[in-house]
Amino acid sequence: MDQIGIAVSTPRTPEQGPPADRRSGTLQAALGVTAFSLTFPATAWGLEGFGPWSLVAVRSVLAAVIAGCCLLALRVPVPARRHWAGLAVVAAGVVLGFPLLTTLALQTSTTAHAAVVVGLLPLTTALLSALRTGARPSRMFWGAALAGAAAVIAFTVQQSGGALSSADAYLFGALLICAAGYTEGGRLARTMPGWQVIGWALVLCLPLSVPGALVALSYEPVHLSAHSVAGLLWVAAGSQFLGLVVWYRGMAAIGIPKASQLQLAQPLLTLVWSVLLLGEQLTPAAPLTAAAVLICIALTQRARG
């Protein structure tokens with residue numbers, strides 16, 4: 001009992017943790033980014049057979065079923081009352097808000113243009129994290145983060161021809177609400193396992209997602225195909241649950257600001273998947289931008305908060 005009391009009263013910060021834990025946390029956050037990088041191409045596939053509202057509602061229900069089964073099988077206790085407000089923020093930002101707004105945007109926007117959101121997300125997450133948790137990253141961290149964000153924005157804007165689309169309002173709204181969900185989820189993942197954070201957030205959305213799916217499916221026509229089914233299954237199981245599980249675990253291990261900077265690579269990965277899965281074309285600027293982003297990621301990982 002004394003050892004437990006000491007461990008609880010003197011928690012170890014991510015920067016103070018063993019190197020092996022930090023390496024594991026970085027790997028898990030990177031796996032989450034890889035899973036997220038497939039979200040936009042998978043959503044484009046899903047929109048081939050589902051309407052936007054149906055796709056978002058059904059993916060939330062399927063992910064909640066997976067999460068609920070895991071919570072029940074492992075007999076995970078219901079979170080304390082003090083955690084439910086934070087879980088509601090995660091649910092609003094990550095489970096409902098970001099998927100809905102980006103899916104609506106992808107009806108008229110290319111995946112390359114939508115990647116502007118992902119390019120800005122690490123910086124926005126770090127800013128909200130600093131306000132929410134009191135984190136104070138170093139000047140080196142902020143300089144590298146701003147440089148990486150600028151490189152990603154320049155690349156993605158160039159990919160889309162520099163034109164603003166009607167989907168921009170959806171994309172910037174998704175950026176803000178997802179950053180809030182990531183920040184709150186990363187904070188909660190320090191007190192409960194990351195998979196439980198997203199699991200309970202998904203379950204919390206069931207009273208909205210189930211009737212929403214029924215209504216949307218009754219109004220929007222469905223045309224099942226290999227692409228649409230594969231896209232739905234990935235955004236539900238990969239992006240909405242498994243990716244967020246490892247992502248939140250990674251954030252808890254290495255800290256929210258540092259983990260968020262790994263997402264600088266996400267737009268570039270998304271563009272690679274877009275070429276392979278959607279047949280989009282990449283410009284010669286891609287390898288130069290990739291090199292710049294990797295340098296910025298290395299700098300942010302070395303910087304001390």
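Glu184 counts as buried, at 7% relative accessibility. This is a predicted model. The side chain of Glu184 meets that of Arg187 in a salt bridge, with 2.5 Å from N to O. Arg187 counts as partly exposed, at 29% relative accessibility. How far apart are Glu184 and Arg187 in helix H8? They are 3 residues apart, and therefore separated by about one helical turn. Side chains of opposite charge can pair when their charged atoms come close. A search of the whole structure finds 1 salt bridge.

### The cavity

Rolling a probe the size of a water molecule over the atoms shows where empty space is left. How many cavities of 30 Å³ or more does a search of the whole structure find? The search finds 1. The largest cavity holds about 200 Å³ of space. Its lining is made by 18 residues. Phe36, Thr39, Phe98, Tyr182 and Ser239 lie nearest the centre. Several elements give two or more residues to this lining: helix H2 (19-37), helix H3 (39-46), helix H5 (84-105), helix H6 (111-133), helix H8 (168-188), H11 and H13. Helix H8 is also the helix that holds Glu184 and Arg187.

### Buried residues and their contacts

Leu264 sits in the loop between helix H12 (256-261) and helix H13 (266-278). Is Leu264 buried or exposed? Leu264 counts as buried, because its relative accessibility is 1% and the cut-off for burial is under 20%. Neighbours within four places in sequence are left aside here. Leu264 is then in contact with Gly119, Pro122, Gly148, Ala149, Val152, Val293, Cys296 and Ile297. Leu123 lies 141 residues from Leu264 along the chain, yet 9.1 Å separates their C-alpha atoms.

Gln196 belongs to helix H9 (residues 194-204). Gln196 is buried too, with a relative accessible area of 15%. Which residues does Gln196 touch, leaving aside its neighbours within four places in sequence? Its contacts are Leu71 and Val76.

### Residues with more open surroundings

Arg75 is found in the loop between helix H4 (52-73) and H5. It is not a glycine, but it has a positive phi of about 50°. Arg75 is exposed, with a relative accessible area of 75%. Gly161 is placed in the loop between helix H7 (139-159) and H8. It counts as exposed, at 62% relative accessibility. Gly161 and Val95 are 66 residues apart in sequence. In space, 31 Å lies between their C-alpha atoms.

Thr26 is part of helix H2. It counts as partly exposed, at 27% relative accessibility.

### A nonpolar patch

Leu62, Leu217, Val222, Leu224, Val229 and Leu233 make a nonpolar surface patch of about 480 Å². One of these, Leu233, is located in helix H11 (residues 226-254). H11 also gives two or more residues to the lining of the largest cavity. Leu233 is partly exposed, because its relative accessible area is 49% and exposed means over 50%.

### Accessibility in brief

| Residue | Relative accessible area | Class |
|---|---|---|
| Leu264 | 1% | buried |
| Gln196 | 15% | buried |
| Thr26 | 27% | partly exposed |
| Leu233 | 49% | partly exposed |
| Gly161 | 62% | exposed |
| Arg75 | 75% | exposed |

Notes. Residues numbered from 1 in each chain as written. Predicted model: local features only at pLDDT ≥ 70, side-chain atom pairs only at ≥ 80, totals over all residues. Heavy atoms only, no water. Patch = residues over 30% accessible without salt bridge, like charges linked within 9 Å, V, L, I, M, F, W, Y side chains within 5 Å. Areas by Shrake-Rupley, 256 points an atom, 1.4 Å probe, with all protein chains shown as cover. Salt bridge = Lys/Arg side-chain N within 4 Å of Asp/Glu carboxyl O. Helix = DSSP H or I, 4+ residues; strand = E, 2+ residues; numbered from the N terminus. Buried < 20%, exposed > 50% of the residue type's maximum accessible area, 1.4 Å probe, protein only. Contact = heavy atoms within 4.5 Å. 1 Å grid on protein atoms, 1.4 Å probe; cavity = no way out; pocket = protein on both sides within 12 Å on 5 of 7 lines; lining within 4 Å. Points joined across faces, edges and corners; volume = space filled by probe spheres on them.
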